[in-house]
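Please look through the structure shown here, with its sequence alongside.

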Amino acid sequence: MKSWLPTTLRGVCMGIADIIPGVSGGTLALILGIYQRFVGAVSAIGPAMLLAALKGSFWSRLKEGFSSPEVLGESEEDKYVAHTLFLMFLGAGIGTALLIGARVLPTLLNLYPAPMKGFFFGLVLASVVIPFRQMNERGVKQAIAFLLVLIGTWTIMGMPIAQSGKARGELMVSLNELSQEDTRLSATGVVFM
């Protein structure tokens with residue numbers, strides 16, 4: 001199982017990327033070098049894999065591959081087992097990150113908007129490096145396209161978030177004592193949750 005820990009950690013990174021606005025898990029899979037394997041594993045899901053999963057040998061090989069993936073060979077069944085294990089551990093990481101990140105990220109966005117925007121912009125910028133390295137042709141057209149995308153991303157990231165300044169919702173007030181006088185509520189010191 002220790003052999004699958006790096007895959008789970010990559011899944012955590014992909015899950016965090018799925019929560020972040022403007023960054024996708026697929027982009028991070030590309031950065032982490034598992035994009036081709038991820039696409040291959042997802043593409044393998046189909047009737048042939050389901051038929052292989054109905055055999056008892058599939059499950060015994062799955063158990064063996066769980067503890068040590070190097071025992072899996074090049075047979076068709078072993079490829080399906082490897083794809084299944086890869087997606088299981090990657091999915092565990094993604095799920096964990098989504099559960100934890102969905103609670104933490106909104107707080108970070110509210111408390112530290114500028115650093116978080118910088119972090120997101122850095123992730124987007126870093127995700128450009130890998131495809132740039134894989135390009136067969138690099139010239140003036142590609143440089144201009146890169147600069148336009150960079151300027152567009154910078155502009156969008158710098159736009160203010162629309163806020164109306166007027167709260168909407170329901171407010172319930174309970175008073176300890178009834179009073180004949182008008183009661184006024186002061187906005188100072190009031191916290192809404």
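A salt bridge, as the term is used here, is a side-chain nitrogen of Lys or Arg within 4 Å of a carboxyl oxygen of Asp or Glu. Side chains of opposite charge can pair when their charged atoms come close. The model is predicted, so local features need pLDDT of at least 70 and side-chain atom pairs count only at pLDDT 80 or more, while totals for chains, interfaces and linings use all residues. Residues are numbered from 1 along each chain as its sequence is written, and side-chain values use heavy atoms, with hydrogens and water left out.

How many salt bridges does a search of the whole structure find? The search finds 2. In one, the side chains of Arg 61 and Glu 64 meet, with 2.5 Å from N to O. These two residues are 3 residues apart in helix H5, and therefore separated by about one helical turn. Helices are DSSP runs (H or I, at least four residues), numbered from the N terminus. Asp 78 forms a salt bridge with Arg 61 as well, the closest N and O atoms being 2.8 Å apart. This pair links distant parts of the chain, since Asp 78 is in helix H6 and Arg 61 in helix H5, 17 residues apart.

Buried means under 20% relative accessible area, exposed over 50%, and partly exposed in between (1.4 Å probe, protein chains only). Glu 64 counts as partly exposed because its relative accessibility is 35%, whereas Asp 78, at 7%, counts as buried.

Helix H5 itself covers residues 56–67. Its 12 residues reach 18 Å from the first C-alpha to the last, close to the 16 Å expected at 1.5 Å a residue; the expected span is 1.5 Å times one less than the number of residues. Phe 58, Arg 61, Leu 62 and Gly 65 are buried in H5. Seen down the axis of H5, the buried residues fall within an arc of 110 degrees, so they line one face of the helix; the arc is that of the directions from the helix axis to the C-beta atoms. The face turned away from this buried side carries the exposed residues Gly 56 and Lys 63.

What covers the buried residues of H5? The cover includes helix H4 (47–53) and helix H6 (76–111). Leu 62 touches Val 81, Thr 84 and Leu 85, not counting residues up to four places away in sequence; contact means heavy atoms within 4.5 Å. The C-alpha atoms of Leu 62 and Thr 84 are separated by 8.2 Å, and the two residues are 22 residues apart along the chain.

Next comes helix H1. H1 has 15 residues and reaches 21 Å from its first C-alpha to its last, close to the 21 Å expected. Its buried residues are Thr 7, Thr 8, Gly 11, Met 14, Gly 15 and Ala 17, and they pack against helix H2 (25–32), helix H3 (35–44) and H6. Thr 8 is buried, with a relative accessible area of 19%. Not counting residues up to four places away in sequence, Thr 8 touches Phe 89 and Gly 93.
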